[in-house]
Amino acid sequence: MSSTQSNREKYIYSNLKHYYPRPLELKSGLGSYVKDIKGNTYLDFIGGIVTISIGHNHPRVKRKIISLLEENQIQHTSTLYASEHVGKAAKKLVSLAGLEGYQVYFSNSGSEANEIAVLTAREATKRQLVVSLRHGYHGGTNATLNLCGHSSWKFPHQPSSNVSHIEAPYCYRCPYDKKPDSCSIPCADDLDRLIETCTAGEVAAVIVEPVMGVGGFIDGPKKYYQRIYEIIKDNGGLYISDEVQTGVGRLGENFLGASDFGISPDIVTMAKGLGNGVPVGATIASSNLIKNLNGKTHFSTFGGDPFQMAQVYEVLCEIEDQSLMNNAKVMGGELKSHIMGLKAKYPYIGDVRGRGLLLGFELIKGDKSPDSDKCNDLLELCLGEGLLIGKGGLRGNVIRLAPPLNISANELEEFKLKLSRSLEKLNLL
Ligand SMILES: Cc1ncc(COP(=O)(O)O)c(C=O)c1O
C-alpha cells in the first residue's frame, strides 16, 4: 500500500468515499486531460467533479496567478478588507447572470453559498420553512443536509427542522405514472398541497436545482419549474435557484439554468465551475432582500480572497470571450444524440437526459430497475480505457458526464471511442 493510501486510511475520516475501489491518485492536469502518479493519461469527462469549466491549468488563469505571485500581491485578506479582485469578479458575475440590482456574497463552497441563501431568505421573509425537492442535493452543512432529498446523506442524529420536501420532476420514474407529453405536472402541485396541509402557510423559500446534479442529472420539464415559481410567489415566498452545478453556462443556452425556464430567481447560488476548481461559493441576491441582514454581523475568513477572486474573474472572462456557452450547446447536443444512439443499441441504457454539457444516462436491468453494479463496472472499464466519468443518482445507477465547456471536436470523438470500447466490454461481463 502506498504511503498516500496508508496515510489516508489512518488519518482521514473513514466515511469519505473514493470513486474507485483502488483509489486513483491524480498528479497533474492540462486542458481536458489529467495524469496519475504512474504517468497514465485520462480524458476527464466529469471535469474534476463538475468543477473544471475551462480545462485544467488553463493558460489564462495560470498567467494571472503567476503574475499576482510575482508582484507579491496579498494572498489573503478576508471579507474585512477591500480588494479590487472581489469587486471585479462580482461585477462580471452579476452582469453575466443578468441580475442587475443584485449583490454577491463570496464564500468557499456550494454548501456555504446555500447556507447564506437560506439565511437571507429567512431574514427577508421573516419566515423559517424552506422547501426542497426529493432527490435534491444542496451541500453537507447542517441546513443544507436537512434540505437534501437522499437517504444516504441523512445522518440519523442530526436535528432537522423547518425544512420540507416535495416531489421532484423525475419523469423517467414518475410516481404518478404520467407521460411527459400529456402530464399536468402533479409533482409541482405537490408544493401547493404541502403548503395547504403541512404548514402554517408561511414558506420562506423553495430551493431547486435547474438540473438535479447529485440526484443523477434529473432534467425536469420547464413547466414544472414555472409552476413552482408561480406557487411560491402566490404564497409570498422566495425562489432560490441552486446553480452550483448548472451555472456558468454549462447548460448551453443561458449563463443560469433558471433563465432556460424564463425565471428570474430571488436568490442564486453558485460554486464548482465558477472558480474552475478553486474553493469558491457565491450567493447572489437582490439588494432589497439583503438589507434585512443589516445590523447583524456576518463574516467569512476566506470568502472573497484575492487569488480566488482573480481566478473567478479570469474564468468568467474566458467563458464570455471564447463563447464557451455556445460550445457547450453544440458539443452537448452532439454528445446527447450519440448517447441516444447507444441507447438504441444497448438495452441496459435507460433514460438519457440533461442539457448542454451536463448529461447523464441510467443503467437499468431488464425490468427497468436501477443497475448500480453495471454503473460501477462501466466506471472501472472506462478507467481502463483512460476515461474518467462520474456517477450519481439516489440508487447509484446514473452515469454523469460534465467535461470542460471548451472540449474540442477531437476530444469528443476520443470520448465516443473510449465509451464504445467500454460498453462492448460491459456486454461481455
Ligand atoms: C447542486 C449542489 N449544491 C450544493 C453543493 C455543495 O457544494 P460543496 O460541495 O462545494 O459544498 C453541491 C455539491 O455537489 C451541489 O451539487
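Modeller: In this predicted model, Ala, Val, Leu, Ile, Met, Phe, Trp, Tyr, Cys and Pro count as nonpolar, Asp, Glu, Lys and Arg as charged, and the others, Gly among them, as polar.

Biologist: By class, how many residues of the shell around the ligand are polar?

Modeller: The ligand is surrounded by 15 residues, the closest being Ser109, Gly110, Ser111, Gly139 and Val244. Gly is placed in the polar class. The shell holds 4 nonpolar and 2 charged residues, and its polar residues number 9.

Biologist: Which helix gives the largest share of the shell around the ligand?

Modeller: The shell has 15 residues in total. Its largest share amounts to 3 residues, and these come from helix α5 (residues 110-125).

Biologist: How far apart are the end C-alpha atoms of helix α13?

Modeller: Helix α13 covers residues 372-384, which is 13 residues. The expected span is 1.5 Å times one less than the number of residues, so for α13 it should be 18 Å. In agreement with this, the end C-alpha atoms of α13 are apart by 19 Å.

Biologist: Within what arc do the buried residues of α13 fall, seen down its axis?

Modeller: The buried residues of α13 are Cys375, Leu378, Leu379, Leu381 and Cys382. They line one face of the helix, because their arc, seen down the axis, is within 170 degrees. What covers these buried residues includes β12 (358-363), β13 (387-388), β14 (390-392), β15 (398-401) and α14 (409-428).

Biologist: Is Asn57 buried, exposed or partly exposed?

Modeller: Asn57 lies in the loop between α2 (47-50) and α3 (59-70), and its phi is positive, about 45 degrees, although Asn57 is not a glycine. Most residues other than glycine have a negative phi. Asn57 has 15 other C-beta atoms within 10 Å and is therefore partly exposed.

Biologist: And is Asn276 buried or exposed?

Modeller: Asn276 is likewise not a glycine, yet takes a positive phi of about 55 degrees. Its place is the loop between β9 (267-270) and β10 (281-286). A residue counts as buried if 20 or more other C-beta atoms lie within 10 Å of its own. Asn276 has 29 such atoms, so it is buried.

Definitions and conventions. Residues numbered from 1 in each chain as written. Predicted model: local features only at pLDDT ≥ 70, side-chain atom pairs only at ≥ 80, totals over all residues. Helix = DSSP H or I, 4+ residues; strand = E, 2+ residues; numbered from the N terminus. Buried ≥ 20, exposed ≤ 12 C-beta atoms within 10 Å, placed from the backbone. Arc of directions from axis to C-beta. Contact = placed C-beta atoms within 7 Å. Near = placed C-beta within 6 Å.
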